[in-house]
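Biologist: I have a model open on my screen. Could you walk me through how to read it?

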Amino acid sequence: MHFVKGVLKFLLDLMVIAFSAFLASLAFPSKYVENGLPFLAFFYLIPMFYIIWRRGWGTVWLFGAVYGFLFYLFYNYWLETFHPLAILIAPILESVQYALLFMCLRFSKTLFRRHYSIAAAFLYTAYLYLTQQGFLAYPYGNIASAVYSYTPLIQMAEVTGIWGIGMVLVLPQVIFSEILFERDWKGCRKSFLFSLALLLLSYVGGMVSLEIWEKKESSRTIKVAAIQHSADTWKGGYSTYKENFENLKALTLEAMEAEPDIVVWSETAFVPSVAWHSAYPNNVATSKLCNDFVSFCSNIGVPLITGNPEGVIKDKELAPILESGEWNWKTYNTVILFADGGIQGTYRKQHLVPFTEYFPYEKELPWLYELLLANDYKWWEVGEEATVFEYDGLKFSTPICFEDTFGALNAEFVANGAEVLLNLTNDFWSQALQAELQHYQLAVFRAVENRKPLLRSTNSGITCMVDVTGKTYGILPPFEKAWGIYEMELYEDQGLTFYTRHPDLFGKLHVALAALSVALGISLKISSPIIRRRKERKDREERLSHLFEGMDESTEC
């Protein structure tokens with residue numbers, strides 16, 4: 001009977017954790033709810049934490065693995081469109097990470113008899129930060145991105161980045177889960193009410209900040225044309241490259257009637273490497289296409305910014321074109337600034353997508369490296385410089401694709417002098433509006449963190465402008481050929497924000513607080529028996545002292 005009850009409890013908890021993962025995915029754009037249900041971000045973690053407190057060490061890791069796998073399966077379902085391997089790699093990696101996370105969170109309960117939820121909140125937010133570092137950095141699924149549309153709440157990002165937003169969302173939920181598990185409202189009442197007050201204060205402070213920004217006057221306005229040609233630029237070879245170029249030209253000429261200051265295409269919008277084929281022409285058709293690109297850009301009258309792969313000599317001791325016919329080159333995912341008849345500057349993508357654009361462990365994991373190559377993944381070289389372009393007095397930087405989801409990387413652009421962030425993205429491959437919306441949600445915070453306008457120029461969506469308060473303007477219809485004109489207001493007298501000067505400081509602070517809380521818990525755990533034994537010894541000594549005093553009194557009598 002006891003065994004049956006244990007099995008039923010296990011299955012019930014498994015159903016709850018699966019439901020919790022599904023509920024979490026609904027907070028974001030999904031195949032079930034196109035724009036997501038952002039209000040769920042205020043409580044979708046409660047059942048997850050409740051199960052962690054309920055499970056023992058033997059199974060809590062398993063529940064973490066199940067939660068991580070299912071959440072990213074529901075949330076990132078569109079990865080299957082990119083490649084069948086991708087929809088397996090992401091959930092499996094996340095399941096391993098969540099298994100470790102659940103064990104760390106459960107450890108906080110072991111260390112503290114009461115108020116363990118506070119340590120757990122630090123641990124969870126530290127986890128969000130740590131999983132955005134290094135080769136496997138993957139910002140998708142961060143709870144803060146779900147509330148991007150609650151504009152007052154996200155204003156704190158100019159100080160804390162998304163980490164402060166994550167904390168004010170997580171803290172009430174984890175404390176409430178402790179209340180449910182312990183059935184102890186009185187014991188946790190003060191901490192829970194404090195967490196709600198912190199959330200409310202963040203919202204009210206954001207409203208005040210918005211009011212201040214609405215009264216500010218911009219010092220300069222830049223008119224930018226973003227061209228959305230709605231095509232996967234990599235598919236189809238030369239004929240596709242030419243067709244896409246013709247569409248880009250036609251849309252650009254239409255947009256030029258609005259007299260923009262700058263024209264922006266998307267990531268890898270023009271595929272043949274202009275720099276390479278201009279320097280080492282060996283294919284008549286491709287060279288002609290590159291010459292047509294140069295001719296068009298030279299005659300539109302304004303600078304053009306576009307994604308264009310850059311090829312450079314790989315082995316300087318060999319000829320550019322080898323005897324076998326292969327090119328002696330290495331390639332970068334690059335943005336070029338074309339103006340005054342030539343390429344005036346380039347930016348090479350620094351943060352490549354793990355496994356699909358970059359895999360640095362060829363020697364350590366040769367079997368995985370060969371598997372990825374066999375599945376036709378495109379490798380790029382890693383860029384090393386946070387480039388700031390300058391033209392006609394305007395300084396701007398161009399994070400490529402999902403680089404606009406990383407706060408510290410964009411803060412470096414702004415710290416280097418960028419007044420505007422122009423993101424160039426290719427999300428057409430996903431064939432899913434939800435994938436584009438999830439990407440866009442994460443990007444919105446870059447404008448608030450740095451108080452610099454962000455323009456997203458994509459090949460299929462979400463093409464739009466985000467102002468310095470996080471408000472979005474001019475979203476073009478996804479997966480349609482279109483162009484948009486965006487007037488970007490600059491505040492040149494505005495200094496660098498706290499976040500720009502100290503990027504991800506609050507993320508690091510949460511890691512430090514998590515480590516400190518664990519150290520404190522271990523210290524208390526070790527010292528508690530010693531303190532208890534000392535107290536017991538003192539009590540015995542006091543009892544003996546009283547006994548001897550009583551005996552002395554009897555003797556005197």
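**Reading the model**

Modeller: Gladly! Let's start with the surface: the protein has an accessible surface of about 25,300 Å², and 59% of that belongs to carbon and sulfur atoms. Such areas come from the Shrake-Rupley method with a 1.4 Å probe, and for residues only the protein chains shown count as cover. This is a predicted model, in which local features need pLDDT of at least 70 and side-chain atom pairs count only at pLDDT 80 or more, while totals for chains, interfaces and linings use all residues. Residues are numbered from 1 along each chain as its sequence is written, and side-chain values use heavy atoms, with hydrogens and water left out.

Biologist: What percentage of the residues of the protein count as buried?

Modeller: Buried means under 20% relative accessible area, exposed means over 50%, and partly exposed is in between. Here 53% of the 557 residues count as buried.

Biologist: How many helices and strands does the protein have?

Modeller: Helices (H or I, at least four residues) and strands (E, at least two) are DSSP runs, numbered from the N terminus. This protein has 17 helices and 14 strands.

Biologist: Let's take one residue. Is Ile222 buried or exposed?

Modeller: Ile222, part of strand E1 (residues 220-228), is buried because its relative accessible area is 6%.

Biologist: Which residues does Ile222 touch?

Modeller: A contact means heavy atoms within 4.5 Å. Leaving out residues up to four places away in sequence, Ile222 touches Asp261, Ile262, Leu394, Tyr486, Glu487, Met488 and Leu490. Across the protein, 73% of contacts between residues at least 6 apart in sequence join residues at least 24 apart.

Terms used
Buried < 20%, exposed > 50% of the residue type's maximum accessible area, 1.4 Å probe, protein only.
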